[in-house]
Amino acid sequence: MKFSSRKAVIKAMKDYTIRRGVDYRVHESEPTTFYAKCIQYSTDCDWLIRMSKMSRKYCREIKRYNGSHTCTRATISQDHSNYRKAWLAKQKTVESIFGGWEASYKTLPIRFEAMCHNELSAVVHFGTMPAYQGDDLVDELLGLITVGVEED
């Protein structure tokens, strides 16, 4: 296979490993070469790939490829490097829109009041329970919320 750029090769590899639910470790990453192996290489899987820039041409070519992963999982584990990056990016986005967990938690009474204001027949009862980590009280204000909604 031939690719227009190093970036295109890496994107194709990432897409492939995410679809297959596997991960890889980069062993060499230079402007003219890229070499990666499955993280389970030599134990459960023989997958590897080596890409090189073709001399006197403006494209990259896969020079060595051992075929499909033999360690494919049904789902992507949460320690998959691309999964983690996507999850962290999502968390940052949610935090920038809604604030952190603490800020969101503190706005709940206002949100409940707005809900009752918009639906006059609704009655909301809420309270907090202290949060513990083992036997230690973590923060009484950041405990578990219990909510009950009644409609006439």
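Is T33 buried or exposed?

**Entry 1: ground rules.** I am working from a predicted model, in which local features need pLDDT of at least 70 and side-chain atom pairs count only at pLDDT 80 or more, while totals for chains, interfaces and linings use all residues. Residues are numbered from 1 along each chain as its sequence is written, and side-chain values use heavy atoms, with hydrogens and water left out.

**Entry 2: T33.** I looked up T33 and found that it counts as buried, because its relative accessibility is 15% (buried means under 20% relative accessible area, exposed over 50%, and partly exposed in between, with a 1.4 Å probe and protein chains only). T33 belongs to strand β3, residues 33–38; helices (H or I, at least four residues) and strands (E, at least two) are DSSP runs numbered from the N terminus. Strand β3 is mostly covered, since 6 of its 6 residues are buried.

I then noted a polar contact of 2.7 Å between the side chains of T33 and E28. A polar contact is a pair of N or O atoms within 3.5 Å; within protein, one atom must be able to donate a hydrogen and the other to accept it, and residues adjacent in sequence count only if both atoms are side-chain atoms. Setting aside neighbours within four places in sequence, I listed R6, E28, M51 and S52 as the residues in contact with T33, where contact means heavy atoms within 4.5 Å.

**Entry 3: the whole chain.** I recorded 4 helices and 7 strands in the protein, and from the N terminus on the elements run β-α-β-β-β-β-α-α-α-β-β. Of the 152 residues in the protein, 25% are buried. Among contacts between residues at least 6 apart in sequence, 42% join residues at least 24 apart.

**Entry 4: the sheet.** In what order do the strands of the open sheet stand? I read an open sheet of 5 strands in the order β1-β5-β4-β3-β2, with antiparallel pairing; two strands pair if DSSP finds at least two bridges between them. Strands β1 (2–3) and β2 (24–29) stand at the edges with a single partner strand each, so one side of each is left without a neighbour in the sheet.

Strand β4 (residues 48–53) in turn pairs with β5 over 5 bridges, antiparallel, with M51 bridged to I62 in β5.

**Entry 5: R64.** I turned to R64, which lies in strand β5 and is partly exposed, with a relative accessible area of 42%. Leaving aside neighbours within four places in sequence, R64 is in contact with L48, I49 and R50. The C-alpha atoms of R64 and Y35 are separated by 9.1 Å, the two residues being 29 apart along the chain.

**Entry 6: the pockets.** Which residues line the largest pocket? I listed M1, F3, V9, A12, M13, Y16, R19, W47, I49, I62 and Y65, around about 220 Å³ of space. On a 1 Å grid over the protein atoms alone, a pocket is an open set of points where a 1.4 Å probe fits, with protein on both sides within 12 Å along at least five of seven lines, and lining residues have an atom within 4 Å of a point. Grid points are joined across faces, edges and corners, and a volume is the space filled by probe spheres set on the points.

Both α1 (6–20) and β5 (60–65) supply at least two residues of this lining, and α1 gives the most, with 5 residues. By class, the lining of the largest pocket has 10 nonpolar, no polar and 1 charged residues; Ala, Val, Leu, Ile, Met, Phe, Trp, Tyr, Cys and Pro count as nonpolar, Asp, Glu, Lys and Arg as charged, and the others, Gly among them, as polar.

For the second largest pocket I noted about 180 Å³ of space, lined by Q91, V94, E95, F98, G99, G100, W101, S104 and Y105. The elements giving two or more residues to that lining are α2 (81–98) and α3 (101–106), and the largest share, 4 residues, comes from α2. The lining of the second largest pocket divides into 4 nonpolar, 4 polar and 1 charged residues.
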